[in-house]
Amino acid sequence: MPSGETMRRRLRWLLLGVALLGFSGPVTAETKLSGKVKLDKRFVVNDWFGGEDFSTPIVGMYNLAELKLESWLNSDLQTVVSAQIRFYDVTGVTDLNSMADAQSQFQFEFIPWEIYIKAYGVFFEGLDLSLGKQRIAWGKADRLNPTDNLNPDDFSDIFDFGAKVPSTSAVVGYTFPNDFNLQVVWVPMVRPTLLSRSIDMSSIMGDAGELEARMAQIEAVSTLGINPVVTDFDQHISSPALDLEHSMQAARFSFFLFDFDFSVSYFHGYDDVPVPTTVTLSPGTKSDDLGEMDFPVRADVGAQYMGKHVVGFDMAGEFFGLGIWGEVAVVFPDGVKTRAVANDLLIDYDLTEERISDTPYAQYT
């Protein structure tokens, strides 16, 4: 963990870099600086969580300061740089030594948010190109958008529904003379969901791994009268290869008809939440807490991102003075196999094998 002084020095250099990038154009460049501050305070008004006086969980609460710099180097070229500082009121002090650590007392996170460049009228009028880390919002429904799959979910605050994290991508858009629009997107790599600090995913995956391990060993050891107990747990997530074949692609065609705005879209990529694919079982660490017939087991859980194809449709408009919108997405998951393997335990073969469904399903708002 870097020291407080090191973090402050890095922050100064980052802010200086942002300023230089934003003001590196000609003196005549038009520059816009904007930002926001959101202070978040939450209190439990009754015993919702069933906790004691000193054990109430803090569910994803943080304060936010965001700074955004937009610079037009000319009428056809724009740069956008933004950053977030999330600062927490909740102390990270757990012992006397951490009381002397300013980072534990005043926790914060500096996140480079959007950093991209956009060119208008590339080669000919109507053709636009943007490159960099950017938010690509698809869908016309309010907050919950099943067609919005290009950016991973932001679950930092589990009550901030529909929040997304920008992704490194290339976006080509063309507006036809009749105002029809075609947008093509390429995302070179999958970025996982950003989880809340209040969620202990190792504990959740540990419980899942223990459950899989117990179920897998029933057949193998029940006849021997041995009770398997998971004493050790580990996990790892495998990402798709960083090559063209495993990149993500999407396209959307938008048009107006009868005063309604329609869009048809297609996405080929991955879920941003990994799914378990293997549970490898091996002898675990023996402990005095184990009974005479208890057998210590180590469970190693492997996970990966599942591929999917998504066909989407959305619309928005006004009908007799009443504004209406809606969208639907049909998801075609690739499906994956998940299996439990007994490795040098009592036997050495696949104990169970199940397939996470590849059955298509629909999501709609």
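Q: Are Arg-86 and Asp-154 buried or exposed?

A: Both Arg-86 and Asp-154 are buried. Buried means under 20% relative accessible area, exposed over 50%, and partly exposed in between (1.4 Å probe, protein chains only). A word on the source: this is a predicted model, in which local features need pLDDT of at least 70 and side-chain atom pairs count only at pLDDT 80 or more, while totals for chains, interfaces and linings use all residues. Residues are numbered from 1 along each chain as its sequence is written, and side-chain values use heavy atoms, with hydrogens and water left out.

Q: With which residue does Arg-86 form a salt bridge?

A: Side chains of opposite charge can pair when their charged atoms come close. A salt bridge is a side-chain nitrogen of Lys or Arg within 4 Å of a carboxyl oxygen of Asp or Glu. Here Arg-86 pairs with Asp-154, with the closest N and O atoms 3.0 Å apart. Arg-86 sits in strand S3 (residues 77-87) and Asp-154 in the loop between S5 and S6, so this pair ties together parts that are 68 residues apart in sequence. Strands (E, at least two residues) and helices (H or I, at least four) are DSSP runs, numbered from the N terminus.

Q: How many salt bridges does the structure hold?

A: There are 8 salt bridges in the structure. One of them joins Asp-261 to Lys-140, with 3.9 Å between the closest N and O atoms. That pair links distant parts of the chain, 121 residues apart: Asp-261 is in strand S10 (residues 260-270) and Lys-140 in the loop between S5 and S6. Lys-140 is buried, at a relative accessible area of 18%, and Asp-261 is partly exposed, at 23%. Together with Asp-314, these two residues are linked in a network of salt bridges.

Q: What about Glu-66: which side chain of opposite charge is nearest?

A: For charge, Lys and Arg count as positive and Asp and Glu as negative; His and the chain ends are not counted. Glu-66 is buried yet has no salt bridge, and the nearest side chain of opposite charge, Lys-36, is 4.0 Å away. Glu-66 belongs to strand S2 (residues 63-74). Leaving out residues up to four places away in sequence, Glu-66 touches Ser-34, Gly-35, Lys-36, Ala-83, Gln-84 and Trp-113; contact means heavy atoms within 4.5 Å.

Q: Which residues form a nonpolar patch on the surface?

A: Patches are made of residues with over 30% relative accessible area and no salt bridge; like charges are joined within 9 Å, and nonpolar side chains (Val, Leu, Ile, Met, Phe, Trp, Tyr) within 5 Å. In this model Leu-144, Phe-155, Ile-158, Phe-159, Phe-161 and Leu-195 form such a nonpolar patch, with about 560 Å² of accessible area together. Accessible areas come from the Shrake-Rupley method with a 1.4 Å probe, and for residues only the protein chains shown count as cover. Phe-155 lies in the loop between strand S5 (127-134) and strand S6 (167-175), and Ile-158 has its place in the loop between S5 and S6. Phe-155 counts as partly exposed because its relative accessibility is 35%; Ile-158, at 33%, also counts as partly exposed.

Q: What does the secondary structure of the protein chain come to?

A: The protein chain has 3 helices and 17 strands. Of its 365 residues, 37% are buried.
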